[in-house]
Amino acid sequence: MTIKNGWYRHFKGGYYYVVCMAKHSETLEDMVVYYHKDNPDDIWVRPASMWEEIVNGKPRFEFIGDNHTFSDGNASYSFEPQEVRGYE
């Protein structure tokens, strides 16, 4: 399973950037590594199967672009992907 790097809109309205895919060390399950646009220092991991789920008839996460500017029909947004730092 492959999830494309780039910006996604959560079905509840948040914006997230997918950094890369990873594998769970024990189960080898595909995982998505991502961060929220408002807090790029917090890196999150979610099973890819959950990432692609349909919730209330909508995708949990909808791909909206791999560039740095996009529009939701009401407003335009511009974000720069952030460098992912390791924990100290």
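**Close-ups of a predicted model: salt bridges and ring pairs**

**View 1. Arg 60 and its surroundings.** Arg 60 points its side chain at the backbone oxygen of Met 50, 3.1 Å away. That makes a polar contact (N or O atoms within 3.5 Å; within protein, one must be able to donate a hydrogen and the other to accept it, and residues adjacent in sequence count only if both atoms are side-chain atoms). Keep in mind that this is a predicted model, where local features need pLDDT of at least 70, side-chain atom pairs count only at pLDDT 80 or more, and totals for chains, interfaces and linings use all residues. Residues are numbered from 1 along each chain as its sequence is written, and side-chain values use heavy atoms, with hydrogens and water left out. Arg 60 sits in the loop between β6 (58-59) and β7; strands here are DSSP runs of E with at least two residues, helices are H or I runs with at least four, and both are numbered from the N terminus. With a relative accessible area of 14%, Arg 60 is buried (buried is under 20%, exposed over 50%, partly exposed in between; 1.4 Å probe, protein chains only). Leaving out residues up to four places away in sequence, Arg 60 touches several others, including Arg 9, Phe 11, Trp 51 and Val 55 (contact is heavy atoms within 4.5 Å).

**View 2. Glu 53 with Arg 60.** These two form a salt bridge, with the closest N and O atoms 2.5 Å apart (a side-chain nitrogen of Lys or Arg within 4 Å of a carboxyl oxygen of Asp or Glu). Glu 53 is partly exposed, at 31% relative accessibility. The whole structure has four salt bridges.

**View 3. Arg 9 with Glu 62.** Here the closest N and O atoms of the salt bridge are 3.6 Å apart. The pair ties together distant parts of the chain, with Arg 9 in strand β1 (residues 6-10) and Glu 62 in strand β7 (residues 61-65), 53 residues apart. Arg 9 is partly exposed at 21%, and Glu 62 is partly exposed at 38%.

**View 4. Lys 37 with Asp 38.** Their side chains meet in a salt bridge at 2.8 Å, N to O. Lys 37 is partly exposed at 24%, while Asp 38 is exposed at 55%.

**View 5. Tyr 8 and Trp 51.** The count of aromatic pairs is 10 (rings of Phe, Tyr and Trp, using its six-membered ring, with centres within 6.5 Å; planes under 30 degrees apart are stacked, over 60 edge-to-face, the rest tilted). Tyr 8 and Trp 51 have ring centres 5.2 Å apart and planes at 80°, so they pair edge-to-face. Tyr 8 lies in strand β1 and Trp 51 in helix α1 (residues 48-51), 43 residues apart. Both are buried.
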